Amino acid sequence: MCHFIRRSSTLSFPKICNIFWRFHHTSASRLCSCSKTVSDEKYQDPFQLGRKDLKNLYEDIKKELLVSTAELKEMCDYYFDGRGKAFRPMIVVLMARACNIHHNNSREVQASQRSVAIIAEMIHTASLVHDDVIDDANSRRGKMTVNQIWGERKAVLAGDFILSAASVALARIGNTTIISVLTQVIEDLVRGEFLQLGSKENENERFAHYLEKTFKKTASLIANSCKAVSILGCPDPKVHEIAYQYGKNVGIAFQLIDDVLDFTSCADRLGKPTAADLKLGLATGPVLFACRQFPEMNAMIMRRFSKPGDVERARKYVLQSDGVQQTTYLAQRYCHEATREISKLRPSPEREALIQLTEMVLMRDK
């Protein structure tokens, strides 16, 4: 299965389906491999461990967003309201500490490593602002989007401004390797958006297309941010690869569960409308797996669910199929691989918290 995760883009969709069909019928003990890894260790709350390093995170972000225009400041403050869980910065600071401990038993997060956490959150938020414009979204995190309040043009400019401020903060770190690693994220975000705008006619290529889009739009930020702090804290390339692979696998799993919640969670819990991806014409994991049982969905995928009734029919097919289960099992395997990677580091509370985080990704309901 680990071989599958590394080589998934080379497998045809029917082969992927068969792998997970067999996985579905394995014993419960194998299905709980991620849970056992965590439960056998002392529980470490990632949010408690990361709290010290994330204190005043959003205030520090606002300091990076020095603006003279009152309206632009209001738009930036609207997103950086401090109500989020700061999931990405938390992973980054925990990875920083885990790598520092592994290298020289240092339990402090360097200022440059914390800057990477701030930059990661800024890049993420800028991408959300732009995504909402592209998708003409009405709500995000349970409240109206910037584009709905201030209009599309100003929202695009706000996203651009946040991204430019992140770039200035990145340059201030003064490390060309770190600049190269994190600018890759911005390139991947753009390429991922273009992948999302397209689709594959060949059913066998669709899943690889979907996973590549998922990596570029979601996982690249986590993977490269983890890699960046590992470079700053440890000279060993093997540790850099461990950090990258952990972030990559957790990031893909996070998005897979997000795609599941689009079908299973209510709008109030999710903070945005359900079946949003179908309404945007997107075929995510649950849809692609459902196609195996309902081939008539292929025509709907190719026309991006544009005909009247397509969205409702597709959602019904997904819920009647094992698409949600199979996507969840796929996320579990990515989390298992993330756990396998991070377990190569020296034991530490931060390492165990990162392992615990993989289970939290799987268990989240919003």
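This is a predicted model: local features need pLDDT of at least 70, side-chain atom pairs count only at pLDDT 80 or more; totals for chains, interfaces and linings use all residues.
1. Let me start with the overall make-up: this protein has 21 helices and two strands. Residues are numbered from 1 along each chain as its sequence is written, and side-chain values use heavy atoms, with hydrogens and water left out.

2. How much of the protein is buried? Of its 366 residues, 56% count as buried (under 20% relative accessible area; exposed is over 50%, and partly exposed lies in between, with a 1.4 Å probe and protein chains only). The protein exposes about 16,200 Å², and carbon and sulfur atoms supply 52% of that area (Shrake-Rupley method, 1.4 Å probe). Among contacts (heavy atoms within 4.5 Å) with a separation of 6 or more, 74% are between residues 24 or more positions apart.

3. A search of the whole structure finds three cavities of 30 Å³ or more. A cavity here is a set of points on a 1 Å grid over the protein atoms alone where a 1.4 Å probe fits but cannot get out, and lining residues have an atom within 4 Å of a point. Grid points are joined across faces, edges and corners, and a volume is the space filled by probe spheres set on the points. The largest cavity holds about 190 Å³ of space.

4. Which residues lie nearest the centre of the largest cavity? They are Gly198, Ser199, His209, Leu282 and Ala283, out of 16 lining residues. Helices α12 (176-197) and α13 (203-233) each supply at least two residues of this lining, and α13 gives the largest share, with four residues. By class, the lining has six nonpolar, six polar and four charged residues (Ala, Val, Leu, Ile, Met, Phe, Trp, Tyr, Cys and Pro are nonpolar; Asp, Glu, Lys and Arg are charged; the others, Gly among them, are polar).

5. Helix α14 (residues 237-264) carries histidine 240, which is buried at a relative accessible area of 13%. Leaving aside neighbours within four places in sequence, histidine 240 is in contact with Lys227, Ser230, Ile231, Cys234 and Pro235. Phenylalanine 254 is also in α14 and is buried, at 12% relative accessibility. Not counting residues up to four places away, phenylalanine 254 touches Phe87, Arg88, Val361 and Arg364. Its C-alpha atom is 7.5 Å from that of alanine 331, 77 residues away along the chain.

6. Is helix α20 (residues 323-342) enclosed or exposed? Of its 20 residues, 16 are buried, so α20 is largely enclosed by the rest of the structure. Glycine 323 lies in this helix and has a relative accessible area of 0%. The C-alpha atoms of glycine 323 and alanine 290 are separated by 4.7 Å, although the two are 33 residues apart along the chain.

7. Two loop asparagines deserve a look. Asparagine 56, between α5 (46-54) and α6 (57-64), has a positive phi of about 65° although it is not a glycine. Asparagine 105, between α8 (87-104) and α9 (111-135), has a positive phi near 65°. Asparagine 56 is partly exposed at 41%, and asparagine 105 is partly exposed at 44%.

Terms used. On a 1 Å grid over the protein atoms alone, a cavity is a set of points where a 1.4 Å probe fits but cannot get out, and a pocket is an open set with protein on both sides within 12 Å along at least five of seven lines; lining residues have an atom within 4 Å of a point.
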